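Subject: Structure handover

Hi,

Here is the structure you asked for. Please open it first, then read my notes below.

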Amino acid sequence: MNIQIAESPGDLLLSIDGRAGIDESDELASAFRKALESGAPLVRLALSGLSAVDVSFLQLLLSLELSLSRGGRSLALRPLPAGHVLLQVADLLGINVKRLLASKTESA
Amino acid sequence: MNFEDNQALFIEEARDRLQTIEGSLVILEKQPADMDLVNEVFRGLHTIKGSGSMFGFQSVADFTHHVESLFDEVRSGHFPVDSRIIDIGLRSVDCISLLLAGGDGGEERLGILSAIEGLEGDGAGERVSRAVRAAEAEEGEPRPRVTAPGSGPERIFRLSFRPQKDLLHRGVRLETLFRELSSLGSCHVTAVTEAVPELGELEPSLLHMSWLITISTREDLEAVRSVFIFVEDYCELAISPVELGAGEEGIMVPKLGEILVDRGFLQDSDVEEIRQEQKPFGAVAIDKGKVSAEHVEAALAEQAMVRTIGSERESRQEAATIRVRKEKLDGLMDLVGELVILQAMMEQEAKKDSAGAFASLSENLGRLSADLRDTSMSMRIVPLQEFFMGFQRLVRDLSAQVGKPLRLEISGGSTELDKNVIELLKDPLVHIIRNSADHGVETPELRSRLGKAPVATISIDARQVGPRVEISIADDGAGLDMGRIRERAVEKGLIGAGETDEERIRSMVFEPGFSTSEKTTDISGRGVGLDVVKRNLERLRGEVSLSSEEGRGAKLTLSIPLTLVIIDGLLVMIGGHNYVIGLNQVQECVDMTASARGAGGRDSMLNLRGMTIPIIALRESLMIDGDYDGLARLVIVNSEGASVGLEVDAVVGRKQVVIKPLSRAVSSIKAVSGATILGDGSVALILDVAEIVRARIGR
Amino acid sequence: MKTLIVEDDFTSRLLLQEILKKYGETHIAVNGKEAVEAVRLALESGEHYRLICLDIMMPEMDGHEALTEIRSLEKAKGLDVTDGARVIMTTAMDDMKNVGKAYYNLCDAYLAKPIQKAKLLEELASLKLLP
């Protein structure tokens, strides 16, 4: 897994590639916390490079979204191709990622 | 029952069976491994053969026997379901229809028989391996099944799955578990995520979620439980079957509130409280904080599954029915109509004797005859499924003709409609579907260039909306070419060059002879099209509306009254006689002002709240001599989208009337579409408003 | 040829038994329930009926219902219609409604009452039960 953080005024972009599963969850959690602490009003996630995800990653996403929204900030997910592994796993587990992120999805 | 009656009944039943067979064959082509469909085809053929020979249709029976034998082989796995089998099946359906109509089937019959023989000459071993391949192709990828597929009746289980927080530490992959679960049947999963904490408190390797799962499967409870065998010790798991409450009308779909109470998410008292609001139950329940959105979602999924099972059982099972000839039913309807009229007359008589026993007897008779009317009317009402299935074949054939891969999606087949009405709907629907296939849908090459699925979808959907049924036919094609329509309409002088009203431009496609097609094809494009659909629908007192989204497809919606026989009418008086105008067309009634009447001719214009509308003097349309010396009234009606004022002597009031067909001598009068007998025994003619307007204003 | 005659009317029963007894063992049931039970027992014993004559109008359980049950018992034992018993429906009602229903439930032949011996034998031959 590879995480890149790019900060620009007003927003922060996290790009994550590779596997994002339970074994990576600690690393991911600290990256997400950093994003949270940056104070950027908008946190953007580029996840199209993910090759595998599991329930722990989706849980982290939900948690990040919750933390941001409680602080009046928002999370935006960059568009994912149809059938992307994240969407597939979310669908399988009944976690409504689309509902969660659709309104905040920015165009590419 | 005599032999002739039986013969007629046989033909009727055989035609129905053929339609079902045809529909099953078309679906079978896409799902070649579905043995239920093969069985359905076999049973249908077996029934036609057996009853045919019983009632003297030997040629039908003999021919069908061969086809039945072929499908028996398919059933027992000796033949795979392939395109040749489907083709023979469909050709046989046509051939049996011809034989039923008294033909000898000619060369086609012999052609089919030799095709069957040809198949039987093939090597059997190879066939079976092909069958296996076909089955695999349908499944997508060959996927090893741990257990044999369940064969029990479809049942629904609800599961509550609450894993221990450290489940992931035990090497369990939840994704695998859910994937296995969804292989059992159709599965709806809702994660309950409200316990997921903020990042600060989150220990990322622990699970803070639980799941509500609804699964509809032919497996039993044990099979469902066995999916959880490796996690059983590390979770709270509850699996309970959903009771399918069977009512008289089949499976009863539970209310959302009932499911939520049943699952222990709501109290009965909450349900009461939420119902008070008279708003969508789920939304109120969430707003009031009674349940989470996830609970409502899970309950809705369960409700949908019960509904699906209910409608599948309904269509798969032969309901306890008897066949009655339609003429007999129509006869009954006429008699009931007469009875209703007689009862109305009696009621008027009884009013004169308001205190007496006669009045109360009359009241009881009134109630009884209303019930009788409703019951007998419902007997002619049948589900649309069978009718819709007939279009599978049409779409298949069209697909070949126009060279575009098409598929037909049917929904709402359990919606019911008067059989007489259904018959009149056939031509318009055929027309619309042809139009879609020919003009609506793009070529597969263009579709893939546009990033659309190469196989175009035409979908038919039906639903009941109050006393009407709405049937919509949609395609995912190019939609209407508004620019082209506008251009054509301007060319033809139908609209001005400056017209910008989209609605108005769209409505041009309903104009007689209107077509934007450059070339006419076998299928459509001759410009006899949607206007005919519209005309046909008007005969049913139905309406057509059209919506379209460029690049996304077009959708025609037909709205038809449930039954033809009784209508809500407005009773008016002209020249001392009663006439009825269908209330669905009436907009309002106004006084005829002296200023409205033109100086010369009778037909003139009226200024109604700034809108100029034409007036038609019904005295003239009906060829009634003389003038009315009182203050005439105007009934403003809507005909083909435009308002028109009909001048009458007086408006009597609203009336439910029973339409009686006119004798042939009278039915040549175009302005009149039927007659009815009023409570006092006098006859009132029912006016065909669309025809009157067409004749006077000449569209 | 092991045969089951299902018939509530004494005379018809006697007639069928007289015709069929020379081709093998015949059993009798007087209503649909008994018939289904008899079929179940025969299937369990491993020697199922080759022929069942089934009346439609009977008390307890009528012929249509019995036929449906019988076919599903056979199916559960892995016997397809072609391997299972040949079923001839016998009834005084030869109207379309009953004939269609009987065939749909997978009967093999349909005879109107009163039973004529010649017709019955003809059916048995065409069902390949008699040479």
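Buried residues make up 45% of the 699 residues in chain B. Buried means under 20% relative accessible area, exposed over 50%, and partly exposed in between, with a 1.4 Å probe and protein chains only. The model is predicted, so local features need pLDDT of at least 70 and side-chain atom pairs count only at pLDDT 80 or more, while totals for chains, interfaces and linings use all residues. Residues are numbered from 1 along each chain as its sequence is written, chains are lettered from A and ligands numbered from 1 in the order in which they are written, and side-chain values use heavy atoms, with hydrogens and water left out.

Chain B overall

The accessible surface of chain B is about 34,600 Å² (Shrake-Rupley method, 1.4 Å probe; for residues, only the protein chains shown count as cover). Carbon and sulfur atoms hold 50% of that surface. Take the contacts in chain B (heavy atoms within 4.5 Å) between residues at least 6 apart in sequence: 68% join residues at least 24 apart.

One lysine

Lys49(B) sits in helix H2 of chain B, residues 35-54. Is Lys49(B) buried or exposed? Lys49(B) counts as buried because its relative accessible area is 17%. Leaving out residues up to four places away in sequence, Lys49(B) touches Ala61(B), Thr64(B), His65(B) and Glu68(B). Val60(B) is eleven residues from Lys49(B) in sequence, and the two are 6.8 Å apart, C-alpha to C-alpha.

Where A meets B

Chain A gives 23 residues to the contact and chain B gives 25. Together they bury about 2,100 Å² (accessible area lost on being put together, 1.4 Å probe, summed over both). Of that area, 62% is on carbon and sulfur atoms.

The two chains share one salt bridge (a side-chain nitrogen of Lys or Arg within 4 Å of a carboxyl oxygen of Asp or Glu). Which side chains form the salt bridge? Arg70(A) and Glu198(B) do, at 3.0 Å, N to O.

On the side of chain A that touches chain B, the elements giving two or more residues are helix H1 (25-37), helix H2 (55-70) and helix H3 (85-92) of chain A. H2(A) supplies the largest share, ten residues.

Best wishes

Technical notes:
Helix = DSSP H or I, 4+ residues; strand = E, 2+ residues; numbered from the N terminus. Buried area = accessible area lost by both parts, 1.4 Å probe.
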